[in-house]
Amino acid sequence: MGTSNTYRWGARTDPVDALWPLVPALLDDEVISSWLVRCALAQGCEPTTLTADVWPDYRVWCHDSDRKFSEQQLITLSQRSGISVDALVASTLMPLQQMMTGATCFPQGVAAWFLCLGTRNRRRCGGLQYCPHCFAQQTPHYLIQNRFAWHTACPIHQVGLLDHCEQCHAPLCPHLITPPKLDLGRCHRCGYELKLAAPGAVEEGALRFQIATDDLFDGGHRRYGRCRLALAEWLALAKWMLGVLRAARRANSACTQDFFNELGVSLEGLSRPTTGLAFEYLSPVERGKLLSDVWSMIEIGPRRLIAVAKREHVRPSLLIPRKAPLPDSLSELSLVLNECRYKQCTKNHIDKPRSPDSVLMRWQRLLRKFER
Ligand SMILES: [Zn+2]
Ligand SMILES: [Zn+2]
């Protein structure tokens with residue numbers, strides 16, 4: 001893990017004894033898929049042509065190629081490109097997944113905190129983001145942190161990240177860029193110069209959460225009440241808060257309003273994600289708003305959160321997850337809530353028609369599929 005100001009996840013590596021005639025350096029923090037596309041464009045061929053030469057039996061662009069390659073696949077790539085296997089491994093998401101979960105592989109489908117590409121053949125729904133100012137100031141390339149779901153802003157330029165072409169709204173698909181284009185600076189679909197886009201707004205709390213989370217990858221801890229949270233515990237706490245916020249927005253009721261107001265979260269201002277998909281599928285704007293609220297809830301601290309939950313008689317089903325355990329730092333919460341069980345609402349919802357919001361959410365999901 002780098003401590004220099006120029007990189008955090010992986011250092012720039014230049015090729016040595018490459019077989020390919022023109023190999024661009026793997027840049028500071030560059031993610032492997034970005035570098036592979038730049039390699040292909042440097043040879044004057046399509047990314048699929050280059051990768052079919054390296055791995056004839058592996059359709060790399062039909063998967064999330066940043067997650068993992070086998071050792072043998074990386075050795076083959078290293079021989080052709082002259083970039084060391086260690087540097088190639090460091091440009092994938094695998095070392096980060098290992099630090100966050102201890103696992104040496106990714107699950108099928110959604111992996112917590114990593115943006116989902118929504119891949120279908122070589123088409124994608126999203127899962128990649130960029131800063132227009134960074135694209136303007138240096139060789140356009142995508143960073144490892146551009147795949148993190150907790151990243152919503154560029155810490156250098158203090159602007160919101162974008163996950164689509166401003167002109168044609170296509171998701172970012174650098175692997176579909178073909179020669180004669182020479183770099184990743186333009187939209188694959190309409191050719192718009194991505195550096196010209198107006199960057200998004202920054203949610204201050206979300207940026208603070210982003211910086212705090214990044215810092216934990218250096219092995220440190222963060223204080224929450226009396227607990228000192230390491231990376232995995234911190235992420236578990238934030239994930240629980242995201243679940244509570246989204247559940248509260250779906251079932252917005254008067255009884256939870258005061259609870260969230262006390263935590264610095266306005267349920268009115270909590271926008272409903274347009275698609276209702278998992279957090280890892282959401283746009284930078286939607287994630288930024290949610291993470292800003294997570295930051296407010298964290299700052300309140302566990303003692304106050306538990307006291308307010310008790311005082312406002314928040315129903316246990318809102319705060320105690322069904323599928324996962326409560327974060328250790330809030331284990332007291334289940335005792336407190338069970339003491340003052342909420343009187344269940346007996347209203348029968350079975351025959352109710354779907355709400356307009358719910359129908360709209362399904363419609364947005366359908367549109368998203370057509371964008372691929
Ligand atoms: Zn930037
Ligand atoms: Zn476009």
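Q: Which residues coordinate the zinc ion (ligand 1)?
A: In this predicted model, the zinc ion (ligand 1) is coordinated by Cys 131 (SG), Cys 134 (SG), Cys 154 (SG) and His 157 (ND1), at 2.1 to 2.3 Å. Donors here are N, O and S atoms within 2.8 Å of the metal (3.2 Å for Na, K and Ca), and water is not among the atoms, so sites may look incomplete.

Q: What arrangement do the 4 donor atoms make around ligand 1?
A: The arrangement is tetrahedral, because the 4 donor atoms around the zinc ion (ligand 1) subtend angles of 105 to 114°; four donors count as tetrahedral if all angles lie between 85 and 135 degrees.

Q: And how are those donor residues spaced in sequence?
A: For the zinc ion (ligand 1) the spacing is C-x2-C-x19-C-x2-H. Cys 131 lies in the loop between helix H5 (94-101) and helix H6 (132-137), while Cys 154 is in strand E1 (residues 153-154), so this pair ties together parts that are 23 residues apart in sequence. Helices (H or I, at least four residues) and strands (E, at least two) are DSSP runs, numbered from the N terminus.

Q: Is Cys 131 buried or exposed?
A: Cys 131 is buried, with a relative accessible area of 4%, and Cys 154 also counts as buried, at 4% relative accessibility. Buried means under 20% relative accessible area, exposed over 50%, and partly exposed in between (1.4 Å probe, protein chains only).

Q: What about the zinc ion (ligand 2), which protein donors does it have?
A: The donors of the zinc ion (ligand 2) are Cys 165 (SG), Cys 168 (SG), Cys 187 (SG) and Cys 190 (SG), lying 2.3 Å from it. The site of ligand 2 is tetrahedral, with angles of 104 to 113° among its 4 donor atoms, and its donor residues follow the spacing C-x2-C-x18-C-x2-C. Cys 168 and Cys 190, 22 residues apart, are both in the loop between strand E2 (159-160) and helix H7 (204-216).

Q: How accessible is Cys 190?
A: Cys 190 has 32% relative accessibility and therefore counts as partly exposed.

Q: Changing topic, which helix supplies the largest share of the lining of the largest pocket?
A: H8 does, with 10 residues. Strand E4 (227-229), helix H8 (231-250) and helix H12 (316-319) each supply at least two residues of that lining.

Q: Anything on numbering and cut-offs?
A: Residues are numbered from 1 along each chain as its sequence is written, and chains are lettered from A and ligands numbered from 1 in the order in which they are written. Local features need pLDDT of at least 70 and side-chain atom pairs count only at pLDDT 80 or more, whereas totals for chains, interfaces and linings use all residues, and side-chain values use heavy atoms, with hydrogens and water left out.

Notes:
Four donors count as tetrahedral if all angles lie between 85 and 135 degrees; four count as square planar and six as octahedral if opposite donors are over 155 degrees apart and all others between 65 and 115; anything else is irregular.
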